[in-house]
Amino acid sequence: MKFCKKYQQYMQGQEKKKLPEVGFKKLKKILKKCRRDHSHSHPQSQSHIASQTCPNQCSVCDGTFFPSLLSEMSEIVGCFNQRAQKLLELHLASGFKKYLLWFKGKSNKNHTALIQEGEDLVTYALINATAIRKILKKYDKVHYSKQGQLFKSQVQSMHKEILQSPWLCELMAFHINLRETKISSRKETALFDECSLTFKDGKPSLTCELFDSVKIDIDLTCSICLDTVFDPVSLTCGHIFCYICACSAASVSIVDGLKTADPKEKCPLCRERAAYEGAVHLEELNILLGRSCQEYWEQRLQSERVERIKQIKEHWDSQCRAFMGV
């Protein structure tokens, strides 16, 4: 079955959830029209056409294709982030907070339904990422260009790429955690193989493979301390660091936190500005790594406890001196 038909069938099955989608069929029609118009206006030999790229002023592409796809990508990632955040907030809540969230109507679903929703959200993210990859590949094939690849890079810098979402990483960890504790519904799907935590040369990564060999591989090594991320946090650019390492890179204490970082501070890896403001604590990932790397986790707990106590003491000393006017 061709991907376009498979994608349409999948999204039709999600109609009740009112999830935004890629207008795959519509975008293919735009490309078909562009190819037809371009070939009519340039009746050269096939070999000459193959050496051309899309005209710099292509009204079909510049005015319709890219703006339409960008709008759809924005809606998809926004919807995914919102739903994933609400689901994980409810799942990770405990005691009075959980009952308060239920009372406020955050969710009227039982535990099994929440688990299934988490799996469905991972599938939704992966199949839409594949749809976007395929339509951009089709764009470049039609125009004999690399504009599709360039657009994808620009979208990543705007944080509209769903595979960059920290909530995807959290949902993958959520899926593994529930599977390993035998709580998962274990519903088989033809769309993706189960997520897994893998180790290569002692370095961990989260992996998930889509049905057409598209593979996600999220490196879980902190690029600052070069160890497995501990108390992981994802910056807005999508890069993951240990929380204490991220605080150090942002020149803030763990007491003040990353929200107090100067907007001019850049991600240590990609050098993007204002990367700390929307940082997300990856709590499900923290649980997964803590259970999978127990000896390492105990060592980091001990060493970080010393550093945290030191920073807290320095913080209160400075507060006391300021209060006393010293």
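Modeller: In the hairpin of S1 and S2, two residues sit between the strands, and Asp 201 has a positive phi near 55 degrees. This is a predicted model, where local features need pLDDT of at least 70, side-chain atom pairs count only at pLDDT 80 or more, and totals for chains, interfaces and linings use all residues. Residues are numbered from 1 along each chain as its sequence is written, and side-chain values use heavy atoms, leaving out hydrogens and water.

Biologist: In which sense do strand S1 and strand S2 pair, and over how many bridges?

Modeller: Two strands pair if DSSP finds at least two bridges between them. Strands (E, at least two residues) and helices (H or I, at least four) are DSSP runs, numbered from the N terminus. Here S1 (residues 196-200) and S2 (residues 203-209) are antiparallel, with five bridges. Leu 197, for example, has Leu 206 in S2 as its bridge partner.

Biologist: How many helices and strands are there in the chain?

Modeller: The chain has 11 helices and six strands.

Biologist: Is Ile 312 buried, partly exposed or exposed?

Modeller: Buried means under 20% relative accessible area, exposed over 50%, and partly exposed in between (1.4 Å probe, protein chains only). Ile 312 counts as partly exposed because its relative accessibility is 38%. Ile 312 belongs to helix H11 (residues 294-324).

Biologist: What share of the residues of the chain counts as buried?

Modeller: Of its 326 residues, 44% are buried.

Biologist: What share of the contacts with a separation of 6 or more joins residues 24 or more positions apart?

Modeller: Contact means heavy atoms within 4.5 Å. In this chain the share is 62%.
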